[in-house]
Amino acid sequence: MTSNNTVSIRIDNHPFTVEKGLTILKAAEQNNIYIPTLCAHKELTPYGGCRMCLVEVEGARRFLTACTTPVEDGMVIRTHTDQIQKERREIMELILSEHTSSCLICEESELCRQYMPTIRKAGVTTGCRYCPNDDKCELEKVVSWLEIKDINHPVYYRGLSVEKYDPFYDRDYNLCIYCGRCVRVCQEVRLANVLAFTQRGRSTVIGPAFGRSHLESGCEFCGACVSVCPTGALAEKSNKWNGVAEAEIQTTCALCGVGCQLQVLIRNDKAVATIPVDDEFVNHGQLCVKGRFCVNELVNHHQRITKASKYQDGNRLQIPIEDAIAIAAEQLKNCPPEDFAMVISPNCSNEDLFIAQKFVRTVMNSHHIDSSARLFYGNGFNDYLDLMKRTTALSEIGQSDVILCLGLDMRFGRSVVGVQIRKAIARGAKIITIHPNDHSLALNAELWIRPHTTEILDSISQLSNALLEKHEPITSRLAQAADLLNAAKNPLILMGGEFLPYSNSAEIMQQTLRIAETIGSAIVPLPAQNNLHGSLLMGAYPELLPGGIFSDEPDNRKKISDIWGMTIQDFTTDWNLNKIFTGKKLKVVYLVGELPPIDEPIGDFVIYQNIYPPEHGAPPNLILPAAAFTEIDGTFINGAGRVQRVQRTAPPPGDAQPDWQLLCQIARKMGATGFDYKNHQQIQQEIARFIERFKKFDRKPVVLPKHIKLQLEPERSSQLSETDGQSFFVLTIFNSEHQYRGIPIADKAEGFKKLIAEDSLLINGSDARKIGVVDGDQVLVSSDLFEKSFPVRLSDNLQSGSVQIIQQRFQPFNPNPHPVKIRRKDV
Amino acid sequence: MANQNILLNFDRNGANHTLENYLKRKGYSTLSEKIPNMKPEQVLDEVKKSGIRGRGGAGFPAGIKWSFLPKDSDKPVYLICNGDEGEPGTFKDRVILEENPHMLIEGMILAAYAINAKHCYIYIRGEYGFALQRVQQAVDEAYRAGYLGKKLTGANYSCDITVHKGAGAYVVGDETGLMNSIEGKKGQTRNKPPFPAVEGLYQCPTIINNVETLASVPWIIDHGGAAYHSIGTEKSSGTKLLSISGHVRKPGVYEVDLGYPFMDFLNKDCGGVIGNRKLKAVIPGGSSTPVLRPEDCEKITIDYESIAEAGSSLGSGAILIIAEGSCMVKTLEVLTHFYHHESCGQCTPCREGTGWLHKIVKRIEAGQGKMEDLDLLTSITKHIAFHTICPLGDAACGPVDSFVKKFKDEFIEHIKTGGCPFGGKFVRFQERV
Ligand SMILES: Cc1cc2nc3c(=O)[nH]c(=O)nc-3n(C[C@H](O)[C@H](O)[C@H](O)COP(=O)(O)O)c2cc1C
Ligand code: SF4
Ligand code: SF4
Ligand code: SF4
Ligand code: FES
């Protein structure tokens with residue numbers, strides 16, 4: 001029956017009723033009729049370039065491309081006549097006359113398939129050197145479906161050199177079939193407009209326009225192009241030659257607070273690659289460079305800790321895991337509560353965090369548990385938490401008409417949010433961005449307010465005042481921003497990481513909150529830690545118990561004690577992580593995925609539990625091998641408060657185990673009760689007694705309780721020093737956002753170093769010329785309060801006069817920013 | 001009967017491009033005198049009645065094309081004048097653009113009125129620097145005189161014209177390629193459907209016509225569609241600009257009534273083949289149209305039907321005369337090179353196929369061809385033609401098929417003797433006066 005919305009068609013002599021407006025290809029697919037395609041892709045607009053999908057339509061003068069032609073009522077379509085097949089073969093031969101096709105019509109192709117499952121063996125066994133796409137090649141599938149055994153045209157090899165210099169993926173355009181999928185995904189889906197067809201006709205090459213490099217043209221290295229490429233032209237460096245995945249398991253990315261959904265590709269019990277999941281809440285089929293390309297390198301790096309070890313006379317000795325647990329239990333047993341501390345990473349799962357604090361509170365009878373977030377957010381932490389309490393789902397971006405972005409750069413980290421912002425812009429939303437540097441939003445924003453690094457707070461409070469209609473003189477751009485925000489129906493504020501390390505970050509956050517309250521907008525802070533929320537709600541801070549309630553209130557302690565059936569120590573401590581810089585040395589310190597940034601031993605006995613060995617400082621006494629997030633079952637809470645699952649996609653290497661399992665074993669060894677969990681679900685059931693949301697995982701957000709507040713010491717000066725004269729630069733120091741369990745991502749995923757220069761002095765090119773330094777030079781950066789040397793990296797994103805350093809390892813720098821002198825170090 | 005001068009209604013030595021000169025020729029009188037008393041539908045009707053067929057190459061009746069616009073759309077309608085003039089051998093639009101731009105502008109205002117377009121574009125190929133300058137001057141003059149802009153002089157509607165400069169690609173002569181180019185995109189054509197009349201420039205209904213087509217509109221409205229229809233033949237009404245080049249004594253642009261005998265045109269109007277040589281071949285409508293042998297040309301008249309009957313097409317009206325003594329294989333090599341070079345590369349058959357056509361013809365010309373190559377050529381064209389996104393692929397095949405068919409001996413001779421009997425050069429004959 002045809003109705004208003006459907007049409008009747010015949011395909012290959014079968015009648016079908018299909019939705020109006022569908023293409024012939026979609027109609028055929030819905031009815032399980034195969035039409036070969038190369039340039040069509042389900043997420044992209046039809047292109048009609050490859051001509052593989054030609055079909056015969058009765059009454060049409062020529063064959064029509066199924067992928068572009070909409071169905072019409074009464075259409076009679078034939079997809080497999082001899083003539084069409086012949087035509088397709090001919091067209092395929094034309095494609096192959098230019099594509100290195102030896103692989104496709106290779107006599108060894110049967111053998112090749114046979115040996116394919118053994119990684120890299122195929123090439124070795126059959127002598128093939130052609131294509132890294134092995135069994136994943138869509139071209140190969142169509143070629144064998146068309147039963148092409150030979151081609152009539154001589155092969156014309158373009159002889160283009162393979163582009164290998166950019167990080168993460170290689171480009172061999174000799175294998176390109178001009179299907180344009182990569183160009184379309186870059187333009188239509190990512191809205192990044194980096195890739196284009198350059199030149200024309202047979203000289204066409206895919207790439208950024210005007211011969212610029214990918215890095216120069218704003219490529220976000222999101223890998224969307226690599227995912228859609230049907231050939232081996234675009235190939236992921238770290239997953240080349242790996243062949244087809246054996247399994248795919250969905251999990252949550254743990255590399256930042258956005259919490260994207262990932263599909264982990266598994267081969268030989270290893271997470272070999274990660275691709276995005278079309279998730280309706282968070283990432284909508286997108287990933288950033290970290291989620292797409294860094295996860296596999298991060299979890300598979302050869303330096304992973306696979307065995308427990310202890311240090312004896314300065315030597316590291318591998319020991320059986322049981323022995324290590326016994327040693328830990330022994331040390332902890334003899335440690336008085338006030339001489340113990342645990343530092344745990346906000347990258348750990350809720351289950352890990354919950355067990356860790358339960359361990360500290362019930363086994364160690366202490367409240368000494370803290371996370372590096374305290375150092376990362378400094379004395380603006382509470383004000384940042386106030387923003388988090390107003391957080392809303394990221395998908396709000398889709399409804400907003402004016403979006404105020406503060407210190408937010410989404411080129412590499414969080415580029416999935418960047419895509420959503422660009423979609424919003426395409427829809428007509430207006431972006432106001434406040435950022436001292438050139439950044440990913442600069443090009444697309446309606447208004448880019450660019451205060452100097454020393455004037456951030458001034459700008460934001462002036463904007464806030466203008467919104468409150470305090471008539472102060474302000475710049476015309478700020479006035480324009482105020483007008484836009486005032487007129488907005490659905491304003492939204494996004495807070496990035498740029499202003500967090502500033503000494504006056506607390507005031508910046510307060511002013512932001514004031515703006516939000518004035519214009520009635522939600523705020524999406526985008527924390528760097530994937531489970532900051534969880535660390536607060538699980539109670540991984542001295543001040544907070546599970547559920548985020550204060551530990552210094554007897555009622556709260558009683559409530560928790562009742563649930564656990566154990567008494568919890570009074571809260572008498574003023575210990576927190578800041579004390580490692582000033583406080584007394586402790587007896588036993590247990591580091592779970594953390595390495596405090598000091599070189600002296602922080603305790604008489606240090607237990608270090610992580611996925612990589614410590615990079616700096618005095619060696620720990622005991623090392624326990626932990627599992628990475630791709631190897632555990634559990635949950636994380638993303639920046640917007642969504643409780644999301646992580647799943648074990650591959651076994652942890654060697655003796656490595658999830659943190660909670662190691663902790664439970666130690667607790668049991670110490671004779672403690674209440675640590676007999678069989679699996680993560682049992683822990684979740686216990687968490688559910690504190691936090692309702694854990695009863696049922698529907699990914700709905702949990703809200704951070706309004707009262708949550710930590711006891712911060714105003715130890716950072718909030719006064720910015722004045723700049724003085726020409727000879728000074730203003731230095732801002734950032735703590736790297738790109739870390740997982742205290743491990744810099746750039747250390748394990750090589751390519752990341754090319755994108756973000758950490759531990760280097762970033763300086764504008766003209767400034768560098770002024771002081772006579774070039775890229776790579778060593779300089780001494782000094783002020784009354786600071787002196788250190790760094791290699792120079794030029795970055796024209798910076799304003800003249802301001803320099804910055806992204807430090808991998810936290811070091812106090814007060815006030816931040818402040819004026820420094822820079823001088824070339826003579827070699 | 002003498003040929004009429006509808007488009008070339010000026011003294012070829014005067015300063016015809018100015019508004020002043022055009023006004024002297026009763027310019028803009030149709031707009032100011034006829035339009036106030038005509039409804040848009042009436043204008044459309046007259047154009048339909050005139051039977052004028054598109055002069056860009058495909059010969060589609062303009063009035064019928066205009067009536068394809070959706071009636072119920074609330075989107076703006078655009079009118080585009082196609083002045084890309086890229087077809088090799090074609091240079092007739094250039095004369096209008098350079099010498100008679102106001103007639104084109106008036107035609108566009110009338111057409112815009114008929115189809116309710118408020119904004120028009122004139123797209124001129126980048127190489128036509130002088131034409132661009134002249135047209136822009138004329139548009140500026142027209143704005144100053146109130147013929148363009150808000151509330152046109154003598155009429156109660158508005159019309160704007162933007163002059164757009166092309167960036168040098170044959171394929172943007174195609175309607176959809178041209179629209180992409182105006183939109184600032186790469187000059188690549190679009191898949192159809194959607195057709196431009198429904199979803200064209202900026203995804204709005206769009207009508208696109210050739211310069212000559214639009215420049216004929218003032219005369220049609222002034223004298224009535226019937227008067228125009230009475231010129232020429234039943235199916236090819238009106239006059240046609242012809243650009244004749246090659247081995248002809250008086251190359252140039254001529255205006256003839258359609259139905260004019262070809263041999264008369266060649267011998268009487270254009271002075272015959274250069275150097276009194278024998279005619280060897282004629283490409284009658286631009287490089288994409290199949291080549292004709294002299295015997296095919298004897299009986300033909302210059303109109304759509306007659307040339308179609310002879311197996312070719314009037315196309316854009318660009319006539320290429322090839323005299324005895326020139327090499328057809330070399331000529332084809334030049335043509336295939338052109339199409340290969342101009343293929344946009346979007347679709348497989350054209351991108352790869354045109355390359356192979358050129359390579360094979362080149363190798364025959366170089367004396368390295370094989371007999372199988374002739375079949376290979378026709379088999380490749382079979383797979384290109386009608387299998388591409390835009391007609392450039394088809395266009396590339398027209399010459400190949402016809403050259404091989406009509407001058408097969410010459411190809412065979414190249415292959416058999418292993419070289420070019422004409423010395424492998426593209427011959428330029430010069431007439432000694
Ligand atoms: C490859 C290609 C090139 C073309 N070049 C031109 C051109 O230069 N000028 C032109 O008027 N039409 C050209 N056309 C035809 C146009 O697509 C279109 O049919 C014409 O502009 C319509 O106008 P008309 O109906 O007035 O002829 C070309 C078509 C193709 C496929
Ligand atoms: S690089 Fe890959 S996706 Fe891009 S056009 Fe070439 S084959 Fe298609
Ligand atoms: S945005 Fe964050 S969560 Fe998403 S892929 Fe990137 S690092 Fe992972
Ligand atoms: S036929 Fe040629 S010019 Fe036309 S779209 Fe295809 S490749 Fe481009
Ligand atoms: S899939 Fe339809 S043309 Fe490529």
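Visitor: Which residues does Leu394(A) touch, not counting residues up to four places away in sequence?

Guide: First, what a touch is. Contact means heavy atoms within 4.5 Å. Leu394(A) touches Val258(A), Val417(A), Gln420(A), Val524(A) and Leu526(A), with residues up to four places away in sequence not counted. This is a predicted model: local features need pLDDT of at least 70, side-chain atom pairs count only at pLDDT 80 or more, and totals for chains, interfaces and linings use all residues. Residues are numbered from 1 along each chain as its sequence is written, chains are lettered from A and ligands numbered from 1 in the order in which they are written, and side-chain values use heavy atoms, with hydrogens and water left out.

Visitor: Where is Leu394(A) found?

Guide: Look in the loop between H12 and strand E17 (402-406) of chain A. Helices (H or I, at least four residues) and strands (E, at least two) are DSSP runs, numbered from the N terminus. The C-alpha atoms of Leu394(A) and Val258(A) are separated by 8.5 Å, though the two are 136 residues apart along the chain.

Visitor: Why does Leu394(A) count as buried?

Guide: Buried means under 20% relative accessible area, exposed over 50%, and partly exposed in between (1.4 Å probe, protein chains only). Leu394(A) counts as buried because its relative accessibility is 6%.

Visitor: How many residues of helix H12 of chain A are buried?

Guide: In H12 (residues 381-389), 8 of the 9 residues are buried. Among them are Phe381(A), Tyr384(A), Asp383(A) and Lys389(A). The buried residues pack against helices H11 (373-377), H16 (505-519) and H17 (532-538) of chain A, and against strands E20 (491-495) and E21 (522-525).

Visitor: How do I read a nonpolar core?

Guide: In soluble globular proteins, nonpolar side chains tend to be buried together. A nonpolar core is a set of buried Ala, Val, Leu, Ile, Met, Phe, Trp, Tyr and Cys residues joined through side-chain atoms within 4.5 Å. The largest one here has 225 residues, and Met92(A), Phe359(A) and Tyr590(A) have the most contacts inside it. Helix H10 (residues 350-363) of chain A gives the largest share, 7 residues. Tyr590(A) touches Phe359(A), Leu332(A) and Ile666(A), among others.

Visitor: Which residues are around ligand 3?

Guide: A residue is near a molecule if one of its heavy atoms lies within 4 Å of it. Around ligand 3 they include Cys253(A), Cys256(A), Cys260(A) and Cys288(A). Val258(A), a neighbour of Leu394(A), is also around ligand 3. The shell divides into 8 nonpolar, 2 polar and 2 charged residues. Here Ala, Val, Leu, Ile, Met, Phe, Trp, Tyr, Cys and Pro count as nonpolar, Asp, Glu, Lys and Arg as charged, and the others, Gly among them, as polar.

Visitor: Which of the residues around ligand 4 come nearest?

Guide: Of 13 residues, the nearest are Thr189(B), Cys344(B), Cys347(B), Cys350(B) and Cys390(B). That shell has 7 nonpolar, 6 polar and no charged residues.

Visitor: How do I read the interface of two chains?

Guide: The size of an interface is often given as the accessible area lost when the parts come together. Buried area is that loss (1.4 Å probe), summed over both parts. Between chain A and chain B, about 2600 Å² is buried, with 52% from carbon and sulfur atoms. In chain A, Arg62(A), Arg200(A) and Arg202(A) lose the most area to chain B, together 27% of what that side buries. The contact joins 31 residues of chain A with 30 residues of chain B.

Notes. Buried area = accessible area lost by both parts, 1.4 Å probe.
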